[in-house]
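Subject: Handing over a structure, with notes on its salt bridges

Hello,

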Amino acid sequence: MPTQQHDVLAELFRFSPRLAADLLVDTGVKLPELVRASDISESCTDLKTSEFASDRAVLLEFDEGRLGVVVEIQRAIDPEKHYSWPLYQATLRARQRCPATLLVIAPDPKVAEWCADPIDTGHPDYVLRPVVLKPDQVPVMTDPESVAEDPALGILSAMYHSDGRRGEEVLQASWKATVVLAERNRELARRYYDYVGAVISDAARKFLENKMKTETRYYSEFFRTAEAEGLAKGKAEGKAEGKVELLLRILEARGIELTEEQRERVCGSTDGAWLDELGRRAAVADSAEGLFD
């Protein structure tokens with residue numbers, strides 16, 4: 001099941017599509033000068049059959065042509081990906097009528113090592129070698145202004161390096177960059193701060209929160225408001241999680257199975273009223289379809 005970290009990392013490429021080009025270059029892929037980068041549909045299904053969708057898809061445009069990039073966020077070893085990843089790459093290539101490559105973001109080093117394994121497709125000379133982002137290919141960003149200029153890369157820097165040797169420098173740059181961003185665009189600053197909090201470890205998150213509170217010079221109305229909103233959101237999400245758990249138990253007891261898409265829809269919801277309604281329907285429904293009619 002997708003986690004908040006997974007979703008935020010995938011969202012980075014919608015937030016900043018050119019990040020795909022920057023990361024490919026960092027991993028050693030040679031690219032022409034970028035003209036345009038755009039977020040495109042990540043669906044890899046053309047017929048009304050089983051749905052296949054990558055985490056994100058980005059189209060890079062150059063003077064010399066275009067390149068499609070399939071972006072996958074991988075948090076665990078999953079052998080099934082050796083079958084779906086070639087499909088994603090081939091479908092994007094066919095849909096966009098241009099070359100396509102696979103870029104994998106795997107926060108866990110062991111998972112990243114597995115992701116880099118060549119995939120033998122069975123066709124002569126066609127071996128898919130995923131491009132996997134490694135921690136040493138992500139810059140250690142300690143300058144707040146640089147982070148503010150490229151928040152998406154700053155989020156990745158915080159994720160990969162906030163627990164490392166220069167972790168404190170990275171986290172200080174993160175909270176100071178939030179201040180810089182808040183002076184320019186409060187909504188962007190709020191999103192950046194939320195995204196950083198979603199991808200770093202619990203220890204790093206606690207350090208960042210304490211830094212915000214103890215450095216009174218920077219602990220402005222913006223951060224106090226953001227913290228209050230975050231607490232309210234957390235309470236609401238906590239209540240929703242309880243309702244989701246209860247709903248799933250009712251469905252299990254009644255022998256009603258959800259499809260993967262239906263389960264993700266339910267588990268990802270924070271709408272308490274909607275979950276209450278599903279709970280009432282679950283008590284009398286004969287099938288999963290009856291819940292969503």
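Predicted model: local features only at pLDDT ≥ 70, side-chain atom pairs only at ≥ 80, totals over all residues.

Residues are numbered from 1 along each chain as its sequence is written, and side-chain values use heavy atoms, with hydrogens and water left out.

A salt bridge here is a side-chain nitrogen of Lys or Arg within 4 Å of a carboxyl oxygen of Asp or Glu, and the count by this rule is ten. For accessibility, buried means under 20% relative accessible area, exposed means over 50%, and partly exposed lies in between, with a 1.4 Å probe and protein chains only.

One of the salt bridges joins Arg184 to Glu149, at 3.2 Å from N to O. Because Arg184 lies in helix α7 (residues 167-184) and Glu149 in helix α5 (residues 144-149), the pair ties together parts that are 35 residues apart in sequence; helices are DSSP runs of H or I with at least four residues, numbered from the N terminus. Arg184 is partly exposed at 48% relative accessibility, while Glu149 is exposed at 58%.

Arg18 and Asp22 also form a salt bridge, their closest N and O atoms being 3.8 Å apart; Arg18 is partly exposed at 44%, and Asp22 is partly exposed at 22%.

Between Glu169 and Arg166, the closest N and O atoms of the salt bridge are 3.1 Å apart. Elsewhere, salt bridges with shared partners join Glu11, Arg14, Asp39 and Arg56 into one network.

Best wishes

Conventions
Helix = DSSP H or I, 4+ residues; strand = E, 2+ residues; numbered from the N terminus.
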